[in-house]
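Trainee: Could you walk me through this model and show me how its descriptions are reached?
Mentor: Gladly. Have a look at it before we start.

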Amino acid sequence: MTSHGRTGLDLDAHGQAGSLRGISVRFWGVRGSFTVADPRVKRYGGNTACVEIRLGNRMFVIDAGSGIIGLGQVLAQEAHARVDLLMSHLHHDHISGLAFFEPLFRDGTTVRIHCGNLGGASAQAALDRMFDEPLFPLRLSGLPGAIEHAGFVAGETLTFGGDCAVRTCLLAHPGGATGYRFDHGGRSVCYVSDVEHPEAGVDPTLATFVAGSDLVIYDTTYTQDEYPGHVGWGHSTWQAGVELCRAAGAKALASFHHHPFRDDAALDAIEAELSEALPGSFVAREVQTLVLSTPGDYPFMIGV
């Protein structure tokens with residue numbers, strides 16, 4: 001296990017969470033735009049966006065990129081009658097794995113899809129267009145598992161029974177996107193993918209949203225040199241993510257939504273700079289798992 005400072009994140013030598021106390025995070029897909037099958041991305045992974053979040057034993061899935069396929073194969077071994085799928089938005093790299101999500105092929109399972117970037121409308125109409133002829137041979141409604149759709153307006157707080165609440169935030173991205181904040185057991189994780197930083201400074205609304213969080217999963221698609229040629233495309237840099245975390249008092253940044261042409265060596269170089277700029281920060285790897293424990297429960301370390 002390698003120490004990167006006092007961040008409150010704990011991961012064992014095999015990339016497995018040691019406990020479900022507090023918040024656990026597992027990355028199933030970390031790429032943006034499209035999947036990559038290349039030995040040069042083997043260590044970080046080539047699947048598109050999907051993150052599993054557990055608050056104690058309550059599970060949420062964020063985004064349904066190709067990474068959700070591997071998650072579904074694991075969930076098929078568990079008894080989950082309901083899966084809450086929180087969509088950041090509906091661009092292809094965030095929905096491409098949905099029709100291959102194993103729980104949808106199992107009777108008695110309900111997948112509830114939450115979408116917040118359509119002005120209160122649900123994702124049903126858009127997904128029905130995507131997963132139908134001539135674009136796709138199957139309709140989601142024809143699969144054995146049940147699908148429920150829930151629309152909301154980004155900025156609302158979602159409630160899931162008891163004291164389980166997930167805050168949301170509208171993100172700067174073409175067509176809009178939704179950020180999610182999870183608070184549990186004295187810890188907090190924010191998912192802020194597909195977001196573009198302001199021309200100068202930080203977005204005050206976003207800074208308030210991530211304020212004081214333990215971990216911000218942040219869109220770092222571009223380098224600083226690449227970004228000027230992609231202004232308006234709805235993505236950001238790790239340097240802008242660090243600036244946001246510093247302004248908001250967030251403790252660590254997980255670089256996420258990697259450019260599909262960014263290979264392992266390039267991501268290693270980014271991680272070296274990132275962890276120096278904001279100790280405890282790292283570049284997210286596929287199937288990497290960590291636990292944000294309640295204070296004092298675990299060593300304050302990250303391992304890879």
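**Reading the model together**

Mentor: Seven strands make up an open sheet with mixed pairing, in the order β8-β9-β10-β11-β12-β13-β14. This is a predicted model, where local features need pLDDT of at least 70, side-chain atom pairs count only at pLDDT 80 or more, and totals for chains, interfaces and linings use all residues. Residues are numbered from 1 along each chain as its sequence is written, and side-chain values use heavy atoms, with hydrogens and water left out.

Trainee: What makes β8 and β14 stand at the edges?

Mentor: β8 (157-159) and β14 (282-283) each have a single partner strand, so one side of each is left without a neighbour in the sheet. Two strands pair if DSSP finds at least two bridges between them. Strands themselves are DSSP runs of E with at least two residues, helices are runs of H or I with at least four, and both are numbered from the N terminus.

Trainee: How do you know that β9 and β10 pair?

Mentor: Six bridges join β9 (residues 165-171) to β10 (residues 177-184), and pairing asks for at least two. The two strands run antiparallel, and Arg167 has Arg181 in β10 as its bridge partner.

Trainee: Why are α4 and α5 called roughly parallel?

Mentor: The axes of α4 (residues 238-248) and α5 (residues 264-277) cross at roughly 15° and come within 11 Å. Axes are lines fitted to C-alpha atoms, for helices over the stretch in contact, with angles from 0 to 180 degrees between N-to-C directions. Angles under 35 degrees count as roughly parallel, over 145 as roughly antiparallel, 65 to 115 as roughly perpendicular and the rest as oblique. α4 and α5 are therefore roughly parallel to each other.

Trainee: Which residues make that contact?

Mentor: Contact means heavy atoms within 4.5 Å. Trp238, Val242 and Arg246 of α4 meet Ile270, Glu273, Leu274 and Ala277 of α5.

Trainee: Why is His259 called buried?

Mentor: Buried means under 20% relative accessible area, exposed over 50%, and partly exposed in between (1.4 Å probe, protein chains only). His259 has 19%, so His259 counts as buried. His259 lies in the loop between β13 and α5, and touches Arg31, Thr221 and Tyr222, leaving aside residues up to four places away in sequence.

Trainee: What makes β4 mostly covered?

Mentor: Four of the five residues of β4 (residues 58-62) are buried. Five bridges join β3 (residues 50-55) to β4, running antiparallel, while three bridges join β4 to β5 (residues 82-87), running parallel.
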